[in-house]
Amino acid sequence: SHAKEIVDAADKFGVANLKLQAETWYIKSITIDFDNVTKLLLNADAMTWALLKEAVVDFIVENEVDFLRKVPLKDVPGGLFADLLVDMARGKKNGPDELGGDDVATMRISDLRKKLYAKVLDVDGSRESLIEALTENS
């Protein structure tokens with residue numbers, strides 16, 4: 001799959017919709033495992049791939065004990081811990097957030113993007129920038 005290259009090119013040239021679609025396809029085309037989890041996390045963090053970062057964090061939370069046994073924590077970026085706490089607070093729920101319905105602090109990236117899209121706002125960026133945009137425009 002050339003989805004990663006498409007994401008990189010779309011990001012470079014500012015084509016947000018293409019970047020987001022290619023990021024989604026890239027996530028569907030890979031298997032997150034203990035051999036690549038750190039590399040994927042570092043790439044997602046460096047390239048501001050919020051959806052990939054969320055998928056990696058989901059993998060870590062779902063496999064928390066094995067993750068702690070198999071992945072050296074020194075290789076994990078410090079900013080990950082905030083994302084882990086969000087995922088844990090969300091309680092691994094797939095439906096509406098039970099912590100408060102519209103609490104942007106615990107929403108999934110796709111839900112944040114849907115709300116931004118509905119307000120005709122930029123849907124690309126880190127979790128923090130998406131939350132900031134929603135908060136400023138509420």
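This is a predicted model: local features need pLDDT of at least 70, side-chain atom pairs count only at pLDDT 80 or more; totals for chains, interfaces and linings use all residues.
The backbone of V120 has a positive phi of about 55°, although V120 is not a glycine.

A positive phi in a residue other than glycine is also found at T48, where the angle is near 55°.

## Overall architecture

The protein contains eight helices and zero strands, so that from the N terminus on its elements run α-α-α-α-α-α-α-α. Its radius of gyration is 15 Å, close to the 14 Å that the globule rule gives for 138 residues, and the protein is therefore as compact as a globular protein of that length.

Along the principal axes, the C-alpha trace spans about 45 × 35 × 25 Å. Of the 138 residues, 39% count as buried. When contacts between residues at least 6 apart in sequence are considered, 51% of them join residues at least 24 apart.

## Helix 4 against helix 3

Two packed helices are described by the angle between their axes and the distance between the axes. For helix 3 and helix 4, the axes come within 8 Å and cross at roughly 150°, and helix 3 passes helix 4 in a left-handed crossing. The contact is formed by V37, L40, L41, A44 and D45 on the side of helix 3, and by L52, K53, V56, F59 and I60 on the side of helix 4. Sorted by class, this contact has eight nonpolar residues, no polar residues and two charged residues.

## Helix 4 against helix 2

Helix 4, which covers residues 50-62, also packs with helix 2, which covers residues 16-29, and here the angle is about 25° with the axes 9 Å apart. That angle makes helix 2 roughly parallel to helix 4, since the limit for this description is under 35 degrees. The crossing of the two helices is right-handed.

From helix 2, the residues E23, T24, Y26 and I27 meet A50, L51, L52 and A55 of helix 4. The residues of this contact divide into six nonpolar, one polar and one charged. L52 is listed among the residues of helix 4 that meet helix 2, and L52 is likewise listed in the contact of helix 4 with helix 3.

## Helix 4 against helix 6

With helix 6 (residues 80-90), helix 4 packs at an angle of about 65°, and the axes lie 10 Å apart. Helix 4 and helix 6 are therefore roughly perpendicular to each other, a description that applies from 65 to 115 degrees. Helix 4 passes helix 6 in a right-handed crossing.

On helix 4, the residues K53, E54, V57, D58, I60 and V61 take part, and they meet L80, D83, L84, D87, M88 and R90 of helix 6. The residues of this contact divide into six nonpolar, no polar and six charged.

Leaving aside residues up to four places away in sequence, E23 touches V7, W49, A50, L51, L52 and R113. Among these neighbours, A50, L51 and L52 also belong to the part of helix 4 that meets helix 2.

D35, by contrast, is exposed, with a relative accessible area of 77%. D35 lies in the loop between helix 2 and helix 3 (37-47). The C-alpha atoms of D35 and V76 are separated by 13 Å, while the two residues stand 41 residues apart along the chain.

Definitions and conventions:
Residues are numbered from 1 along each chain as its sequence is written. Side-chain values use heavy atoms; hydrogens and water are left out. Axes are lines fitted to C-alpha atoms, for helices over the stretch in contact, and angles run from 0 to 180 degrees between N-to-C directions. Helices (H or I, at least four residues) and strands (E, at least two) are DSSP runs, numbered from the N terminus. Angles under 35 degrees count as roughly parallel, over 145 as roughly antiparallel, 65 to 115 as roughly perpendicular and the rest as oblique. A crossing is left-handed if the near helix is turned anticlockwise from the far one by less than a right angle, and right-handed if clockwise. Contact means heavy atoms within 4.5 Å. Ala, Val, Leu, Ile, Met, Phe, Trp, Tyr, Cys and Pro count as nonpolar, Asp, Glu, Lys and Arg as charged, and the others, Gly among them, as polar. The radius of gyration is taken over C-alpha atoms; the globule rule is 2.2 Å times the number of residues to the power 0.38. Buried means under 20% relative accessible area, exposed over 50%, partly exposed in between (1.4 Å probe, protein chains only).
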